Amino acid sequence: MAQNKTQATAQSVADFIAAVDHPTRRADAAVLNDMFRRVTGWQPRMWGPSIIGYGEYHYTYESGRTGDFLATGFSPRKANLVLYIMPGYANFGSIMARLGKHKMGKSCLYVNKLADIDMDVAEELVQAGLDDLGARWPIKPT
């Protein structure tokens, strides 16, 4: 079976954040990095060219596919900030209702800027996602 396209790298998280072009997006990335570090207690590491991840888990799906992936994280993309909760946001409707302005994908939460959301609720969401993931697969700290 093919490996995940997104793999952990040795790229510097600090250098990546410093290189974010848009000043608001760069400042928001620094705030998110601090928040994820505080909530998880883990050091960040880059996954692929643009995702900052915290923790790691090994999964095995019913299909037999296995792999390793970040437990939670974010990416300061050009269009918006993307927060990743593994394996997804499906069970967090009550938290999401209090978050503020956002859009959702399966495991992706899209936010234009941090000023649009309640950061206390974002912290609660990250912790809930880690709790949910940890009930499915063991998480290794980074």
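Student: How many bridges join strand 1 to strand 2, and do they run parallel or antiparallel?

Tutor: Bear in mind throughout that this is a predicted model. Four bridges join strand 1, residues 44–47, to strand 2, and the two strands run antiparallel. Within that pairing, Met 46 stands opposite Ile 52 of strand 2. The two strands form a hairpin with three residues between them, and Gly 48 in the turn has a positive phi of about 65°.

Student: And which strands does strand 2 pair with besides that, say strand 3 or strand 7?

Tutor: Both of those pairings are present: eight bridges join strand 2 to strand 3, residues 66–76, in an antiparallel arrangement, and two bridges join strand 2 to strand 7, residues 139–140, also antiparallel. For strand 3, Gly 53 stands opposite Gly 73, and for strand 7, the bridge partner of Glu 56 is Lys 140. The hairpin of strand 2 and strand 3 has five residues between the strands, and Gly 64 there takes a positive phi near 100°.

Student: How many residues of strand 2 are buried?

Tutor: Eight of its 10 residues, which span 51–60, are buried, so strand 2 is largely enclosed by the rest of the structure.

Student: Let's switch to aromatics. How many aromatic pairs are there?

Tutor: The structure holds seven aromatic pairs. In one of them, the rings of Phe 36 and Tyr 54 have their centres 5.0 Å apart and their planes at 10°, so that pair is stacked. Phe 36 lies in helix 2, residues 23–40, and Tyr 54 lies in strand 2, so the pair ties together parts that are 18 residues apart in sequence.

Student: Are those two buried or exposed?

Tutor: Phe 36 counts as buried because its relative accessibility is 0%, and Tyr 54, also at 0%, counts as buried as well. A further stacked pair is that of Tyr 57 and Trp 137, whose ring centres are 5.5 Å apart with the planes at 25°. Tyr 57 is in strand 2 and Trp 137 is in the loop between helix 4 and strand 7, so this pair ties together parts that are 80 residues apart in sequence. Both Tyr 57 and Trp 137 are buried.

Student: Which residues form a cluster with Phe 36?

Tutor: Phe 36, Tyr 54 and Phe 74 form one aromatic cluster.

Student: OK, charges now. How many salt bridges does a search of the whole structure find?

Tutor: The search finds five salt bridges. One of them joins the side chains of Glu 123 and Arg 38, at 2.5 Å from N to O. That pair links distant parts of the chain, with Glu 123 in helix 4 and Arg 38 in helix 2, 85 residues apart. Glu 123 counts as partly exposed at 22% relative accessibility, whereas Arg 38 counts as exposed at 53%.

Student: What about Glu 56, which salt bridge is it in?

Tutor: The side chains of Glu 56 and Arg 45 meet in a salt bridge of 3.1 Å, N to O. Glu 56 is in strand 2 and Arg 45 is in strand 1, 11 residues apart. Glu 56 is buried, with a relative accessible area of 10%, while Arg 45 counts as partly exposed at 29%.

Student: And Asp 116, where does it lie?

Tutor: Asp 116 lies in the loop between strand 6, residues 108–111, and helix 4, residues 119–136. Asp 116 forms a salt bridge with Lys 113, their closest N and O atoms being 3.1 Å apart. Leaving aside neighbours within four places in sequence, Asp 116 is in contact with Leu 99, Gly 100 and Lys 101.

Student: Why does Asp 116 count as buried?

Tutor: Its relative accessibility is 18%, and buried means under 20%, so Asp 116 counts as buried.

Student: Last one: what caps the N-terminal end of helix 4?

Tutor: Asp 118 does, through a side-chain oxygen that lies 2.9 Å from the backbone nitrogen of Asp 120. Among the buried residues of helix 4 are Val 121, Leu 125 and Leu 133.

How values were computed
Residues numbered from 1 in each chain as written. Predicted model: local features only at pLDDT ≥ 70, side-chain atom pairs only at ≥ 80, totals over all residues. Heavy atoms only, no water. Buried < 20%, exposed > 50% of the residue type's maximum accessible area, 1.4 Å probe, protein only. Contact = heavy atoms within 4.5 Å. Polar contact = N/O pair within 3.5 Å; in protein donor to acceptor, adjacent residues only side chain to side chain. Pairing = 2+ DSSP bridges. Phe/Tyr/Trp six-rings, centres within 6.5 Å; stacked < 30°, edge-to-face > 60°. Salt bridge = Lys/Arg side-chain N within 4 Å of Asp/Glu carboxyl O.
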